[in-house]
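Reader: I am new to this structure and would like to learn how to read it. Please take the features in turn.

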Amino acid sequence: EAVYETARVGVAAMTGPPLLLLQAERGKPAAGSTWIRVSITDQPSNPPTHGPTNGRRIERRGTVYGQCFAPIDTDDGIKAARALAVAFRALFEGKDIAGAGTGTLTFGGCDVRRIGVEGGWIQVNAECPFTYDETI
């Protein structure tokens, strides 16, 4: 929820603003729209520390994806979609976000990747990995 709230607030402040779809929302907006689909995936955890049960720390990992779409006719390449991905990346890169029940989500460096054409849109993704500690 903390990730989605950060995305909601940040995207609402962007120029435009683009339409925001969360992971559970399917479908695509009308042709000619600029939009972002946000999803979160879990990654393998790092090994836990040693110690008694309920006293070991384990680092959990995940990635927030901002799939950024701009109409093909917006520019002569990926400029608009890339600018959207760079703006989305800035919402998370190098930030700590308080998570409900998970402690603090710590984001390091994030990447922007060109994906290509999907339907009438050019897609560029922002990939923002994070970690949080859990006691087991």
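Author: What follows goes from the overall layout to single pairs of side chains. This is a predicted model, in which local features need pLDDT of at least 70 and side-chain atom pairs count only at pLDDT 80 or more, while totals for chains, interfaces and linings use all residues. Residues are numbered from 1 along each chain as its sequence is written, and side-chain values use heavy atoms, with hydrogens and water left out.

Reader: How many helices and strands does the chain have?

Author: Helices (H or I, at least four residues) and strands (E, at least two) are DSSP runs, numbered from the N terminus. Here the chain has 2 helices and 7 strands. Their order from the N terminus on is α-β-β-β-α-β-β-β-β. The C-alpha trace spans about 60 × 25 × 25 Å along its principal axes.

Reader: What share of the residues in the chain is buried?

Author: Buried means under 20% relative accessible area, exposed means over 50%, and partly exposed lies in between (1.4 Å probe, protein chains only). Of the 136 residues in the chain, buried ones make up 35%.

Reader: Which residues touch the most other members of the largest nonpolar core?

Author: A nonpolar core is a set of buried Ala, Val, Leu, Ile, Met, Phe, Trp, Tyr and Cys residues joined through side-chain atoms within 4.5 Å. The largest one has 29 residues, and Ile36, Val38, Val64, Phe88, Phe92 and Phe107 touch the most other members. Two or more residues of this core come from each of helix 1 (2–12), strand 1 (19–22), strand 2, strand 3, helix 2, strand 5 and strand 7.

Reader: What does Val38 touch?

Author: Contact means heavy atoms within 4.5 Å. Leaving aside residues up to four places away in sequence, the residues that Val38 touches include Tyr4, Ala7, Leu20, Val64 and Phe88. For the chain, among contacts between residues at least 6 apart in sequence, 58% join residues at least 24 apart.

Reader: How is a pair of aromatic rings described?

Author: The distance of the centres and the angle of the planes describe such a pair. Rings of Phe, Tyr and Trp (its six-membered ring) pair if their centres lie within 6.5 Å; planes under 30 degrees apart count as stacked, over 60 as edge-to-face and the rest as tilted. The structure holds 6 aromatic pairs. Trp35 and Phe69 form a stacked one, with 4.1 Å centre to centre and 10° between the planes. Trp35 lies in strand 2 (residues 35–43) and Phe69 in strand 3 (residues 57–71), so this pair ties together parts that are 34 residues apart in sequence. Trp35 and Phe69 are buried.

Author: Phe92 and Phe107 form a tilted pair, at 5.1 Å centre to centre and 45° between the planes. That pair links distant parts of the chain, 15 residues apart: Phe92 is in helix 2 (residues 79–92) and Phe107 in strand 5 (residues 103–107). Phe92 is buried at 0% relative accessible area, and Phe107 is buried at 3%.

Reader: Which residues form one aromatic cluster?

Author: Phe88, Phe92, Phe107, Phe130 and Tyr132 do.

Reader: How many salt bridges are there?

Author: A salt bridge is a side-chain nitrogen of Lys or Arg within 4 Å of a carboxyl oxygen of Asp or Glu. The count comes to 7. One of them joins Asp133 and Arg57 at 2.9 Å, N to O. Asp133 is in strand 7 (residues 121–135) and Arg57 in strand 3, so the bridge ties together parts 76 residues apart in sequence. Asp133 is partly exposed at 42% relative accessibility, and Arg57 is partly exposed at 39%.

Author: Another joins Glu134 and Arg60 at 2.8 Å, N to O. Glu134 belongs to strand 7 and Arg60 to strand 3, so parts 74 residues apart in sequence are tied together. Both ends are partly exposed: Glu134 at 31% and Arg60 at 23%.

Reader: Which residues are on the covered face of strand 4?

Author: In a regular strand the side chains alternate between the two faces of the sheet. Strand 4 (residues 96–99) has Ile97 and Gly99 on its covered face, with Asp96 and Ala98 on the uncovered one. Two strands pair if DSSP finds at least two bridges between them. Strand 4 and strand 5 run antiparallel and are joined by 4 bridges. Gly99 has Gly103 in strand 5 as its bridge partner.
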